[in-house]
Amino acid sequence: IASSPDGQRGEQYRISCPFCNDLRQRCYISCDFGVLDPKTRQRNDRLWFCFNEACHEDPAYRKMLVSMIGEFSRQRRHQAAPTQVANDSSPTPQPAPVLIPHALTPIDQLLPPHPAAAYLTQRGFDLEYLSSTWWVHHCDDGHNCSPAPTGRIWFPIWMPRVSLSADTPDNEIVGWQARAIPGVPTHIQAKYLFPRGIAKSRLLYGLDLAKQADGPVIVVEGPTDAWRIGPGAVALFGKHPSAVQKNLLRRHFPGRPMVVMLDADAQSEAHEIQRQLAMARPGVSDRHVVVAQLPPGRGDPGDCTRGELQAAID
């Protein structure tokens, strides 16, 4: 137990943060962390501070820390009473697998009049490439999923497995996104759908392919931007990377150059991402994280040709 750096927060546990690459014990956890507040009747899950990567700002990390400390407390209680027989010998429950829609058609097997094929072809995408490289499909029936992605362009989100055994693949489907097709009515008005319960802030689309590619890592907003650039691009599902996404970029691409390429109307956000990524990789030269400008008249990378993007990246 130690006092906090400012000496004002009372007794705290000082540890190396379990969520980032902290090796200097820069995470402080109050002795009151997780205790039920008598006034609010809620657990104090904010009484910790990561001075290394500000992991305490991520709500998902707060939940994980509550769970981790709860498990630690259970182990300590078990050690203190070795003669007590555990009531529950079942293994730790694993997260439920992501549901895949009942009926999917590879996008390159649709006939040209199909609205999904027509839309992607009109945007200049090669359907065979989308199918073979990015697993893009049309969802014919997704009523087993919530929300149902029926009648949308559907594609999975692959991420590296946290733990591996000899007989498991390196990557797994951790979610999916489904895009509405312009002109095709859907019962849900949202342009994009994710499976219920999936936190997109914890995902990086294209991470599995970028790890296998050479050259710089291209950070973009959405999956269609990554499709246009090709393997090596990763999509944030937005303009603001979360602490988890920044940690993923740092952990999987420690020395590779990075190029931030957002939409034309998000240049201030692009430069802020550049600054954050440069700070997240101490010891790596700032010139290894740059911002690429889109060609004049282009709104986002998905509207460009691959040649235009390559010229902007170079």
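This is a predicted model: local features need pLDDT of at least 70, side-chain atom pairs count only at pLDDT 80 or more; totals for chains, interfaces and linings use all residues.

A: A residue is called buried when its relative accessible area is under 20%, exposed when that area is over 50%, and partly exposed in between. Glutamate 221 has a relative accessible area of 9%, so this residue is buried.

The partner of glutamate 221 is lysine 239, and their side chains form a salt bridge with an N to O distance of 3.5 Å. The two residues lie 18 residues apart and link distant parts of the chain. Glutamate 221 belongs to the loop between strand 10 (217–220) and helix 5 (223–229), while lysine 239 belongs to the loop between strand 11 (233–235) and helix 6 (243–252). Lysine 239 has a relative accessible area of 26%, so it counts as partly exposed.

By the rule of a Lys or Arg side-chain nitrogen within 4 Å of an Asp or Glu carboxyl oxygen, the model has five salt bridges. Among them is the pair of arginine 123 and aspartate 303, with the closest N and O atoms 3.6 Å apart. This pair also links distant parts of the chain, at a separation of 180 residues. Arginine 123 is in the loop between helix 2 (115–122) and helix 3 (127–134), and aspartate 303 is in the loop between strand 13 (289–291) and helix 8 (306–313). Arginine 123 is partly exposed at 22%, and aspartate 303 is partly exposed at 36% relative accessibility.

Another of the salt bridges joins glutamate 308 and arginine 298, at 3.1 Å from N to O. Glutamate 308 is in helix 8, and arginine 298 is in the loop between strand 13 and helix 8, 10 residues away. Both side chains are partly exposed: glutamate 308 has a relative accessible area of 24%, and arginine 298 has one of 29%.

Just after helix 2, glycine 124 has a positive phi of about 90°. Within helix 2, the residues Ala116, Ala117, Tyr119 and Leu120 are buried. These four lie on the same side of helix 2, because they cover an arc of only 165° around the axis. An α-helix has 3.6 residues a turn, so residues three or four places apart point the same way. The buried residues of helix 2 pack against helix 3, strand 6 (137–141), strand 7 (153–160), strand 8 (171–179) and helix 5.

Definitions and conventions: Residues are numbered from 1 along each chain as its sequence is written. Side-chain values use heavy atoms; hydrogens and water are left out. Buried means under 20% relative accessible area, exposed over 50%, partly exposed in between (1.4 Å probe, protein chains only). The arc is that of the directions from the helix axis to the C-beta atoms. Contact means heavy atoms within 4.5 Å.
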